[in-house]
Amino acid sequence: MLRHLPGLLLLLWQLLLLPPPAVPGPLDRPGFLRLGTRGPGGSPGRRPAPAAPTGTPYSGAGQHGGARGAGVCKSMPLDLVFIIDSSRSVRPLEFTKVKTFVSRVIDTLDIGPADTRVAVVNYASTVKIEFHLQTHLDKQSLKQAVARITPLSTGTMSGLAIQTAMDEAFTVEAGARGPASNIPKVAIIVTDGRPQDQVNEVAARAQASGIELYAVGVDRADMESLRMMASEPLDEHVFYVETYGVIEKLSSRFQETFCALDPCALGTHQCQHVCVSDGEGKHHCECSQGYSLNADKKTCSVINKCALNTHGCEHICVNDRTGSYHCECYEGYTLNEDRKTCSAQDQCALGTHDCQHICVNDRAGSHHCECYEGYTLNEDKKTCSVRNQCALDSHGCQHICVNDGAASYHCDCYTGYTLNEDKKTCSAIAEARRLTSTEDACACGATLAFQDKVSSYLQRLNTKHILSGRVSASA
């Protein structure tokens with residue numbers, strides 16, 4: 001009863017809101033952390049080896065204050081085993097405080113198959129694995145399992161408990177993840193007495209196998225044994241509290257130990273586009289679609305997708321400012337519905353050719369202009385000018401059309417004919433002379449003879465005209 005008097009006095013002082021007195025002695029030696037003290041540089045403990053990247057920011061689930069209260073702390077994935085002393089010296093109410101401490105630490109962690117897995121090893125003179133790492137993979141069932149744990153009462157076989165944890169709890173069969181996963185293996189041993197077996201050699205083997213050991217001493221815990229069990233540096237792995245009444249407050253210290261500050265949530269990442277958390281306070285920058293990360297690993301530049309030759313455009317690829325692109329076609333082609341391939345336009349059918357006479361489609365999807373017979377294409381390659389009006393059959397010449405160039409012409413007559421005053425028709429020279437009579441115009445006989453000559457002449461002239469028309473047509 002007397003050995004518990006300092007603890008009872010401490011509780012009374014707390015109830016009376018009086019500050020507890022300093023307790024000199026072995027607790028003040030280097031290598032121990034009291035509740036309320038901090039290690040060098042403000043760090044409560046060494047961070048375990050880097051965990052596998054999660055790529056996701058802290059969700060805020062299960063936060064309890066401290067760093068997590070700011071919403072920027074995410075616990076690293078761990079294979080965590082609690083080794084708790086339930087020997088005769090730990091009274092039922094005190095054992096309940098130990099379970100509350102375990103539950104509080106669980107509250108600060110991200111529990112799940114890909115996050116932290118938890119097992120509990122209960123020990124006294126015997127050792128019992130309450131549940132394995134793979135048994136409870138959600139926070140609620142895990143805390144319910146912790147609440148059901150009962151003390152074993154006799155002895156304090158701390159070395160046997162560590163050996164059992166190493167041989168049975170931290171195995172792949174029990175739910176621990178292999179070396180390739182890069183998930184840290186951590187054990188927290190809680191005790192209030194002196195081990196009844198050797199702990200230094202078994203603790204050394206456990207640490208050599210990759211297990212990081214934290215030792216929490218309560219009340220009469222043997223400080224030298226705590227030092228033997230804990231990993232280096234000791235001032236970051238050995239904790240001490242005077243009573244079980246305040247042990248649960250250590251949960252915030254382990255929260256900070258297993259917590260990583262998230263620069264993505266803090267806004268200190270300096271990523272131009274996207275910040276991705278990698279765990280343990282690390283991050284990397286990524287860029288939005290259509291951009292590539294620059295050499296500084298922070299800023300982004302638009303990707304020239306057209307230069308990558310993966311655009312699929314049949315004719316022309318055009319980069320857009322947004323880091324994307326679109327396809328276009330050569331002149332004379334239109335973009336198909338797939339927005340990549342092109343089809344030739346029939347500009348002649350569309351009536352957009354501007355040709356004065358004739359539009360001709362070319363195979364290349366373009367066109368050219370041509371002119372009707374008797375016309376030539378002008379320098380604009382669209383309009384036409386008359387080349388030979390005689391060839392147009394609209395000249396009106398009775399006999400012969402003579403092309404003068406420069407879109408002009410004149411009419412001419414066959415041999416034995418003369419061009420009339422209209423400059424188009426022709427008359428026979430010999431017949432015109434016969435029409436002139438030397439007889440007396442007053443004589444009746446002469447008049448009749450003249451009429452007969454005229455009629456005969458007109459008949460012959462008509463016959464010649466018909467023949468002349470046939471010759472001209474055949475020509």
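**View 1. The Cys413–Cys426 disulfide is left-handed, with -85° about its S-S bond.** In this predicted model, local features need pLDDT of at least 70 and side-chain atom pairs count only at pLDDT 80 or more, while totals for chains, interfaces and linings use all residues. Residues are numbered from 1 along each chain as its sequence is written, and side-chain values use heavy atoms, with hydrogens and water left out. The sulfur atoms of Cys413 and Cys426 sit 1.7 Å apart (a disulfide here is a pair of cysteine sulfur atoms within 2.5 Å). Cys413 is in the loop between β23 (408-412) and β24 (417-419), and Cys426 is in strand β25 (residues 426-428), so this pair links distant parts of the chain, 13 residues apart. Helices (H or I, at least four residues) and strands (E, at least two) are DSSP runs, numbered from the N terminus. Both cysteines, Cys413 and Cys426, are buried (buried means under 20% relative accessible area, exposed over 50%, partly exposed in between, with a 1.4 Å probe and protein chains only).

**View 2. Cys371 pairs up with Cys384 in a disulfide.** Their sulfurs are 1.9 Å apart, and the link is left-handed, at -90° about the S-S bond. Look for Cys371 in the loop between β19 (367-370) and β20 (375-377), and for Cys384 in strand β21 (residues 384-386). Cys371 and Cys384 are both buried.

**View 3. Cys287 is joined to Cys300 by a disulfide.** The S to S distance is 2.0 Å, and the torsion about the S-S bond is about -90°, so this one is left-handed. Cys287 lies in the loop between β11 (282-286) and β12 (291-293) and Cys300 in strand β13 (residues 300-302), so the bond ties together parts 13 residues apart in sequence. Across the whole structure, a search turns up 11 disulfides.

**View 4. Helix α3 (residues 139-147) has several buried residues, including Leu142 and Val146.** Lys139, Ser141 and Ala145 are buried too. Among the elements covering them are α2 (92-107), β4 (117-123) and β5 (127-131).

**View 5. The Glu232–Pro233 peptide bond is cis.** Omega is near -10°, and Pro233 sits in the loop between α6 (223-229) and β8 (238-241). Most peptide bonds are trans, and most residues other than glycine have a negative phi.

**View 6. Arg339 has a positive phi, near 60°.** Arg339 lies in the loop between β16 (333-335) and β17 (342-344) and is exposed, with 53% relative accessible area.

Notes
Contact = heavy atoms within 4.5 Å.
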